[in-house]
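Please go through the notes below with the model open. They begin with cavities, then turn to individual loop residues and whole-chain totals.

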Amino acid sequence: MDGQQVDYAAVFHALPGMVALLDRDLVYVDVNEDFTRLTGRPRETLIGRHIFDVFPENPDERAATGMRETRASLLRVMATGDRDTMAVLRYDIEDSDRPGHWREHFWSPVNAPVTGPDGRVALIVHRVEDVTQLIRARGGAGDGDRARVLESELYTRSRELHAANESLRESQARDQQVALALQEAMLPSPRPVGHHRAAVRYRPAVGGLRVCGDWYELVDLPGDRIAVAVGDVVGHGLGAACVMGQLRSALSAAALVAGGPAQVLEVLGLYARSVEGAESTTVATTFVDWQDHTVTYSSAGHPPPALLAPDGTTTFLDEATDPPLGARPEHVPRPQSTLPFAEGATLVLYTDGLIERRGEDIDVGLARLADCLARHRRADPEPLADALLADLLGDDGNTDDTAIVVVRL
């Protein structure tokens, strides 16, 4: 073998088992022969396409976990630069000959990074072993040798996964203590806003690190005015909490000098470009003017604030909506709209954890919110905030963080 050059492309295609290469956008760069054979997808239908466009999730919610878990693993590899060994998961494949029909599959995946010259992850080796027959038959007639090999490999991977999970739990416990302390310091405590009544609530998601990037802010402005905002940073944990604190502070400063909420979001969007992890943050900002009895608002990709009239009618402030922070490559002025309010009305700002549910159209969640507000229209801000959490999240809790601000106008 001395001096002989190895054709690594040929080696890759001859590798046993299903192996694919993905780029940082999770687009297929290459697949080996076993991958095309076992998935029933020709190579030309895979290369250049996003992994989850080729293999969407089974619409049956009882089987709809594989895509979410696989995406999380791939993103972890990109973020950490470490190999990620996944537990066995179910990920059904749509029959290429019969659209709408799904074949049950169980997989044992491993995702490994390939770094570029700059040290960043450039590619991901996505290796999966189809263990469907093992799961079903546990080594039935004619499959004994193959089943024992697979079972041995699964055992080894389970040991790796157990060690990785132990390390992760220890790391998360440390991060949780720091993140919770940061979050408590960064989110303002409930306080009077001028002589007006307001209530704030923050409820972390059930399970996980319990710290996300949801935040709120209330700012006293010159005259009988206040600024009220809520935002949602993409991501979880310590990093999201740090980004949240920076954006909240920047918004508070911008609100004191800007001419309106649209200018606040323009400044915040420019600032977000310099803060790693702030891209795609959603924010809704309102200026309340009691002298003119108006609410002026602007939204960067955030669910619309709700204006509850004394008669129980809810108007969603959705006529000045623009993409999230940092979503556009160039600076473009943001829209702004103004709406009058009656004495005794209530303004409610919230994050998406309050209304969004898996597999449900957002209009259903908004209708649920409007109905809850109508039923509790006479409640003061504090009991109204409690009623929103109780009625919309229930005893089982929420799967996403939820922040609420309620202001009596």
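1. Helix α8 (residues 261-272) gives the second largest cavity the largest share of its lining, four residues. Helices (H or I, at least four residues) and strands (E, at least two) are DSSP runs, numbered from the N terminus. The lining has 15 residues, and nearest the centre lie Arg 273, Arg 328, Glu 330, Val 332 and Arg 334. The volume of this second largest cavity is about 150 Å³. Its lining splits into six nonpolar, three polar and six charged residues. Nonpolar covers Ala, Val, Leu, Ile, Met, Phe, Trp, Tyr, Cys and Pro; charged covers Asp, Glu, Lys and Arg; the others, Gly among them, are polar.

2. Provenance. This is a predicted model: local features need pLDDT of at least 70, side-chain atom pairs count only at pLDDT 80 or more, and totals for chains, interfaces and linings use all residues. Residues are numbered from 1 along each chain as its sequence is written, and side-chain values use heavy atoms, with hydrogens and water left out.

3. What counts as a cavity here? On a 1 Å grid over the protein atoms alone, it is a set of points where a 1.4 Å probe fits but cannot get out; lining residues have an atom within 4 Å of a point. Points are joined across faces, edges and corners, and a volume is the space filled by probe spheres set on the points. By this rule there are three cavities of 30 Å³ or more.

4. The largest cavity has a volume of about 180 Å³. Of its 15 lining residues, Phe 55, Tyr 91, Trp 107, His 126 and Val 128 are the closest to its centre. At least two lining residues come from each of α2 (33-39), α3 (51-54), β7 (106-115) and β8 (121-130). Twelve of the lining residues are nonpolar, three are polar and none is charged.

5. Gln 336 sits in the loop between β16 (321-322) and β17 (337-340). Buried or exposed? Gln 336 is partly exposed because its relative accessibility is 40%; the cut-offs are under 20% for buried and over 50% for exposed, with partly exposed in between (1.4 Å probe, protein chains only). Leaving aside neighbours within four places in sequence, Gln 336 is in contact (heavy atoms within 4.5 Å) with Gly 260, Pro 261, Ala 262, Gln 263, Thr 296, Tyr 297 and Ala 320. Thr 296 is 40 residues away in sequence, yet the C-alpha to C-alpha distance is 7.0 Å. A polar atom of the Gln 336 side chain lies 3.0 Å from the backbone nitrogen of Ala 262.

6. Check the backbone at two loop residues. Most residues other than glycine have a negative phi. Leu 26 has a positive phi of about 65°. Leu 26 is in the loop between β1 (18-23) and β2 (28-31), and counts as buried because its relative accessibility is 6%. His 293 also has a positive phi, about 55°. His 293 belongs to the loop between β12 (282-289) and β13 (294-300). With a relative accessible area of 26%, His 293 is partly exposed.

7. Totals. The protein has ten helices and 19 strands. Of its 409 residues, 46% are buried. Take contacts between residues at least 6 apart in sequence: 60% join residues at least 24 apart. The accessible surface is about 20,300 Å², with 51% belonging to carbon and sulfur atoms. Areas come from the Shrake-Rupley method with a 1.4 Å probe; for residues, only the protein chains shown count as cover.

Definitions and conventions:
Polar contact = N/O pair within 3.5 Å; in protein donor to acceptor, adjacent residues only side chain to side chain. 1 Å grid on protein atoms, 1.4 Å probe; cavity = no way out; pocket = protein on both sides within 12 Å on 5 of 7 lines; lining within 4 Å.
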